[in-house]
Amino acid sequence: MAQAVEEWYKQMPIITRSYLTAAVVTTIGCSLEIISPYHLYLNPKLVVKQYQFWRLITNFLYFRKMDLDFMFHMFFLARYCKLLEENSFRGRTADFFYMLLFGASVLTGIVLVGGMIPYLSASFAKIIFLSNSLTFMMVYVWSKQNPFIHMSFLGLFTFTAAYLPWVLLGFSVLVGASAWVDLLGMIAGHAYYFLEDVYPRMTGRRPLKTPSFIKAMFADEAVVVARPANVRFAPPADELHRD
C-alpha cells in the first residue's frame, strides 16, 4: 500500500506534485499548531504597510481544518490539476504555471476590489483564504476543455463535464458551505477560458501569452508523436489519378 502511494506521488507532474505537497504540509502544520494560520491569511493592510508579501502566496496553501471538506479539495486538486497538466498542458509546464499565476492574481484582485465596495465589503472581508477558489478554478477550466465527458455524482445521477462546476456549487450550498468561494473560482476560471480559448479564436490574438522569463524557469520537453517503423503512407488520391 505504501509503495503504491509512493509510486502514485512520484508519477505526478511537477506543478501538481509541488502544489499538493505544499498544501498538505501547510494544512497539517497548522493542525499541529506548528504554523499559525494568522501568519498565512490574506490581509491587504499587512501586505502593503508591513510588507508581508508572503501572504499573497500562503493564503492559497491553507485549506482550513483537516476534515471531510479538506479531503474533497485534496482529491479535486490532485485529480483536476494533474489532468490539466498531463493533458491540456502536456509539454507546456510554463503555460500551466502561468495559468495558476493568472488565476491567483484574478482572485486576489477580486477580493481586494470587492473589499472596497459598499454593502459587499463585509462579505469579501470574510474571504481570507483563496485555496478552495483556486482549486475550483482548475475544475472549471478542465470542464470547459472537456465538456462532453460523462460523469456521475455519487452514483445519484449522470451529467456531462460541462455542468460539473454547477453540480459542485449546488453541493456546496446543500452542505452549508459558502457559495462565494466557488463562485470566485468560476469567475477566475471563465476569465482564463475566455482570454485563452475564446478571444484568440475571435480575433487571432492571444493576450495571455506566457512571458519569456517564466518559460525560462521550466525546461519543457517537446511532445513527440512516434511514427511506426516500416509503414508507408500512400500519396493523396489526386496524385494517384494524375496523368
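Trainee: How many residues lie between β1 and β2 in their hairpin?

Mentor: Three residues separate the two strands, and L154 in that turn has a positive phi of about 55°. Helices (H or I, at least four residues) and strands (E, at least two) are DSSP runs, numbered from the N terminus. Please note that this is a predicted model, in which local features need pLDDT of at least 70, side-chain atom pairs count only at pLDDT 80 or more, and totals for chains, interfaces and linings use all residues. Residues are numbered from 1 along each chain as its sequence is written, and side-chain values use heavy atoms, with hydrogens and water left out.

Trainee: In which sense do β1 and β2 pair?

Mentor: They pair in the antiparallel sense, over four bridges; two strands count as paired if DSSP finds at least two bridges between them. Strand β2 covers residues 157–160, and its F159 stands opposite M151.

Trainee: Which residues of β1 are on the covered face?

Mentor: In β1, residues 150–153, the covered face has M151 and F153, while H150 and S152 are on the uncovered one. In a regular strand, side chains alternate between the two faces of the sheet.

Trainee: New topic: where is E33?

Mentor: E33 lies in the loop between α2 (14–31) and α3 (44–49). Its phi is near 60°, a positive value in a residue other than glycine.

Trainee: Is E33 buried or exposed?

Mentor: E33 is exposed, at 72% relative accessible area. Buried means under 20%, exposed over 50%, and partly exposed in between (1.4 Å probe, protein chains only).

Trainee: And what is the phi of Y51?

Mentor: For Y51 phi is near 55°, again positive in a residue other than glycine. Y51 sits in the loop between α3 and α4 (55–58) and is exposed, with a relative accessible area of 57%.
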